[in-house]
Amino acid sequence: MNGSQKPVLSIIIVSYNVKDLLSECLTSVSRFVEAPHEILVIDNASGDGTPQHIRAHFPNVLLTENKKNAGFSAANNQGFELAKGEYILMLNPDVCLINDSIMRALSFLKENPEKQLLLGPRIYNPDRSFQPSAWKFPNIGQHFLECIFLNKLIDTALYTNEDSTKQAMEVDFVSGAAILMRKGTQQSIGKLDEDLFWMDDTDFCYRNKLIKGENIYFPEWQIIHHIGQSSKKNLPLVISNQLISKLKFYRKYKRRFSFAASALIFLKHILIRLVLLLPASVFSKHAFAKWKAYAFALKKYFRYLFSGDQSIA
């Protein structure tokens with residue numbers, strides 16, 4: 001972007017130890033984003049040389065180096081404060097644009113100036129298979145099916161499957177891997193909730209609905225998402241927050257029955273997996289890593305319920 005030209009689009013990318021994937025992401029942005037834009041990378045104290053790599057290979061990127069891992073939500077909130085564009089794109093570092101379809105999404109926002117919109121793209125896995133990216137808000141039925149391993153067979157959370165995602169549609173929430181919005185929409189919704197790691201995108205979309213906004217699955221815009229690359233590096237953090245953040249979400253919006261019922265279901269969920277993983281962990285490092293993650297989740301679960309511990313780490 002020309003230094004004297006105000007950006008139309010601010011692209012916020014939060015990174016943590018994914019240098020190679022981030023490099024692919026930045027290259028794809030440079031190739032396919034045709035509007036004047038700025039790229040804000042908020043690095044959460046990566047130990048893999050990410051900041052040095054960005055400075056050497058992507059000198060136009062506006063880099064913020066955090067002294068510690070502030071978390072996904074807090075780092076994106078830093079980006080919101082720094083963004084100068086009329087539009088904001090929250091983009092995961094493990095995402096690649098595959099064509100210039102982001103420009104169609106921008107045009108859609110420009111053509112609907114009276115609406116408060118959050119747009120999410122059609123997402124593909126690296127092998128170009130379909131990756132679900134639009135869901136219904138969580139409920140205890142979903143939690144129960146997941147607890148007893150039936151969520152893959154009977155998935156009540158998904159709006160979409162590969163054959164029914166040809167048209168744009170309003171949904172409850174879209175994937176936080178890529179969300180496009182006006183800066184004014186972000187300001188109306190507010191910041192991401194820093195206590196809801198792994199549910200921050202759900203909560204952000206929920207708050208947009210509360211103020212009469214619309215969350216739109218927009219399949220004309222396509223990306224590739226190397227799902228879960230950062231999360232694989234910290235299973236205890238991911239698994240504990242996947243469960244506990246849903247309880248925080250219910251408590252935040254005063255859904256007392258859902259909170260109480262899910263608290264019981266999540267306890268059963270954790271205990272079942274601890275029992276099933278224990279024998280396998282003797283023979284498998286991966287199974288042992290997952291067992292330790294669920295043991296950590298159990299500790300976090302009790303700390304949250306009985307001492308009000310809101311921490312995500």
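1. How close do the axes of helix H9 and H10 come, and at what angle do they cross? They come within 9 Å and cross at roughly 155 degrees. Here, axes are lines fitted to C-alpha atoms, for helices over the stretch in contact, and angles run from 0 to 180 degrees between N-to-C directions. H9 covers residues 256-281, and H10 covers 285-307.

2. Before going on, a word on what you're looking at. This is a predicted model, where local features need pLDDT of at least 70 and side-chain atom pairs count only at pLDDT 80 or more, while totals for chains, interfaces and linings use all residues. Residues are numbered from 1 along each chain as its sequence is written, and side-chain values use heavy atoms, with hydrogens and water left out.

3. Back to that helix pair. H9 and H10 are therefore roughly antiparallel to each other (angles under 35 degrees count as roughly parallel, over 145 as roughly antiparallel, 65 to 115 as roughly perpendicular and the rest as oblique). Their crossing is left-handed, meaning the near helix is turned anticlockwise from the far one by less than a right angle; clockwise would be right-handed. The contact of H9 with H10 has 22 nonpolar, 2 polar and 2 charged residues (Ala, Val, Leu, Ile, Met, Phe, Trp, Tyr, Cys and Pro count as nonpolar, Asp, Glu, Lys and Arg as charged, and the others, Gly among them, as polar).

4. Now try H1 (residues 19-32) and H2 (residues 50-57): their axes come within 10 Å and cross at roughly 30 degrees. H1 and H2 are therefore roughly parallel to each other, and the crossing is right-handed.

5. Zooming out, the protein has 10 helices and 12 strands. These are DSSP runs numbered from the N terminus, with helices being H or I of at least four residues and strands E of at least two. The C-alpha trace spans about 60 × 40 × 40 Å along its principal axes.

6. Two loop residues deserve a look. Arg128 has a phi near 70 degrees, a positive value in a residue other than glycine, and sits in the loop between strands S6 (117-124) and S7 (130-131). Lys212 also has a positive phi, near 70 degrees; its loop runs between helix H7 (200-210) and strand S12 (214-225). Most residues other than glycine have a negative phi.

7. Finally, the lining of the largest cavity, which includes Ser240, Lys248, Tyr304 and Asp309. On a 1 Å grid over the protein atoms alone, a cavity is a set of points where a 1.4 Å probe fits but cannot get out, and lining residues have an atom within 4 Å of a point. H8 (235-252) and H10 each supply at least two lining residues, with H8 giving the most, 4 residues. By class, the lining divides into 2 nonpolar, 4 polar and 3 charged.

Note on methods. 1 Å grid on protein atoms, 1.4 Å probe; cavity = no way out; pocket = protein on both sides within 12 Å on 5 of 7 lines; lining within 4 Å.
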